[in-house]
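Work through the exercises below with the sequence and the structure open beside you. Try each task before you read its solution.

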Amino acid sequence: MALYYFILKVGRKRFPDPVGEEFEDFADARAHAHTVAGELMRNRENWTGHWRVEVCDDCLQPCYECLFADVDQRLKAFGDVVRGSVIRVARTTAALNDALLNIDDTMSDLRQTMRLLDAATLGYSALPASRS
Amino acid sequence: MPHSKNRILSLVSPRDLQLLGAHLRLVDLEQGRVIAGSRQHVHTVFFPHGGILSCVVELKDGSSIETGMIGNDGVFGAMQAIDDRLSLNKVMVQVPARASIVDARIVKKVADSSPDFRDLIVKYEQFLLGQVQQTTACNAVHNIEARTCKWLIRMYDLVGTDLPLTQEFLAQMMGVQRTSVSTVASQLQDKGLIEYRRGKVQIRNIEAVQLHACECADAVREQYAEVFGKSKETSAAPMSLDQTT
């Protein structure tokens with residue numbers, strides 16, 4: 001048995017299941033992710049297509065991502081062209097959210113670096129003049 | 001009188017209460033205890049003083065789902081006692097509490113002698129049936145977040161803001177995976193609606209929970225008000241005798 005964690009990705013937010021679930025193998029964990037996606041999007045499929053469930057191993061390394069639109073059974077009724085189009089839009093929206101999240105992270109890192117730099121600069125300017 | 005902490009018992013006439021009173025006993029109901037199995041005879045009638053009894057439908061694949069809740073506003077087993085009928089589904093203790101219990105034969109005897117008492121029992125059964133029907137519609141049509149919020153409101157009405165519940169139990173009651181409940185709880189926590197710690201849910205903002213819930217929570221409250229004449233203004237708080245009488 002192996003432990004897997006499931007993280008719901010909604011826009012730029014992440015909602016982890018901190019407990020995790022044990023499964024025989026990865027295939028079972030993947031099937032569980034599909035079931036959970038189905039439950040979370042049921043009766044609100046129109047606006048949750050870009051949501052995702054990420055499956056991580058016991059070291060929290062991502063090993064699979066389930067896009068809700070991919071497992072939305074209702075879309076089959078609309079034919080391959082429409083279904084493919086909806087899935088593409090959902091995937092693009094998800095990718096855009098990831099990109100925005102990366103920008104947020106980068107900006108956060110940059111702010112932290114600048115704070116450190118400011119502190120170092122203040123420390124340097126406070127040194128006795130004789131050292132220069 | 002401790003028995004009057006149950007709303008149904010508080011509505012029983014003094015004469016009928018005297019007939020029941022000598023046979024009523026107080027018991028503590030621990031979480032998870034099954035008080036009636038599916039298709040089993042009911043020998044004891046339960047009048048909870050608090051907590052929650054869940055009516056659960058079990059399916060052959062091992063899954064189960066809750067279809068109704070009974071708290072201090074109700075009674076379990078009285079209707080079955082009157083007609084010597086079976087409990088159609090499993091009934092278990094979801095939130096522990098104290099309850100007044102009485103032998104089903106005593107309830108039948110009092111009901112046979114008192115049309116008022118029988119009427120009260122039938123009224124509650126009517127409300128419970130309405131609640132089950134509303135739950136059926138809710139499970140079919142509403143999304144998991146709205147259903148979770150509706151469920152929290154109903155529990156708030158019966159128990160208050162602190163709910164001793166594990167995610168496993170919550171998932172079982174809602175008929176979904178624990179992972180689904182966990183992620184929905186994370187979302188509600190992120191919005192500041194609840195606080196979820198291991199084995200315990202605390203409702204932080206009931207007004208916001210109501211905004212996220214489906215119409216079913218209000219529908220159940222209105223059904224109760226129509227049957228028992230409870231004012232709507234008092235329905236958004238834990239039910240107590242101060243508010244219901």
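**Exercise 1.** Find which residues of α1(A) meet which residues of α8(B), and describe how the two helices cross.

*Solution.* Begin with the residues: H32(A), V36(A), E39(A) and L40(A) in α1(A) meet T179(B), S180(B) and T183(B) in α8(B), where two residues are in contact if their C-beta atoms, placed from the backbone, lie within 7 Å. Helices (H or I, at least four residues) and strands (E, at least two) are DSSP runs, numbered from the N terminus. Sorted by class, the residues of this contact are 2 nonpolar, 4 polar and 1 charged; here Ala, Val, Leu, Ile, Met, Phe, Trp, Tyr, Cys and Pro count as nonpolar, Asp, Glu, Lys and Arg as charged, and the others, Gly among them, as polar.

The model is a predicted one, in which local features need pLDDT of at least 70 and side-chain atom pairs count only at pLDDT 80 or more, while totals for chains, interfaces and linings use all residues. Residues are numbered from 1 along each chain as its sequence is written, and chains are lettered from A and ligands numbered from 1 in the order in which they are written.

Next, turn to the geometry. Two packed helices are described by the angle between their axes and the distance between the axes. The axes of α1(A) and α8(B), the latter spanning residues 178–190, come within 9 Å and cross at roughly 50 degrees; axes are lines fitted to C-alpha atoms, for helices over the stretch in contact, and angles run from 0 to 180 degrees between N-to-C directions. That makes α1(A) oblique to α8(B), since angles under 35 degrees count as roughly parallel, over 145 as roughly antiparallel, 65 to 115 as roughly perpendicular and the rest as oblique.

**Exercise 2.** How many residues does each chain give to the contact, and which element of chain A gives the most?

*Solution.* Chain A contributes 16 residues and chain B contributes 13 residues. On the side of chain A that touches chain B, β1 (2–10), β2 (13–16) and α1 (26–41) each supply at least two residues, and α1(A) gives the most, with 5 residues. By class, this side of chain A has 7 nonpolar, 3 polar and 6 charged residues.

**Exercise 3.** Where do N43(A) and R39(B) lie, and is each of them buried, partly exposed or exposed?

*Solution.* Most residues other than glycine have a negative phi, and most peptide bonds are trans. N43(A), although not a glycine, has a positive phi of about 65 degrees, and its place is in the loop between α1 and β4 (52–56) of chain A. R39(B), also not a glycine, has a positive phi of about 60 degrees and is found in the loop between β2 (34–36) and β3 (40–41) of chain B. With 16 C-beta neighbours inside 10 Å, N43(A) counts as partly exposed, whereas R39(B), with 10 other C-beta atoms within 10 Å, is exposed; a residue is buried if 20 or more other C-beta atoms lie within 10 Å of its own, exposed if 12 or fewer, and partly exposed in between.
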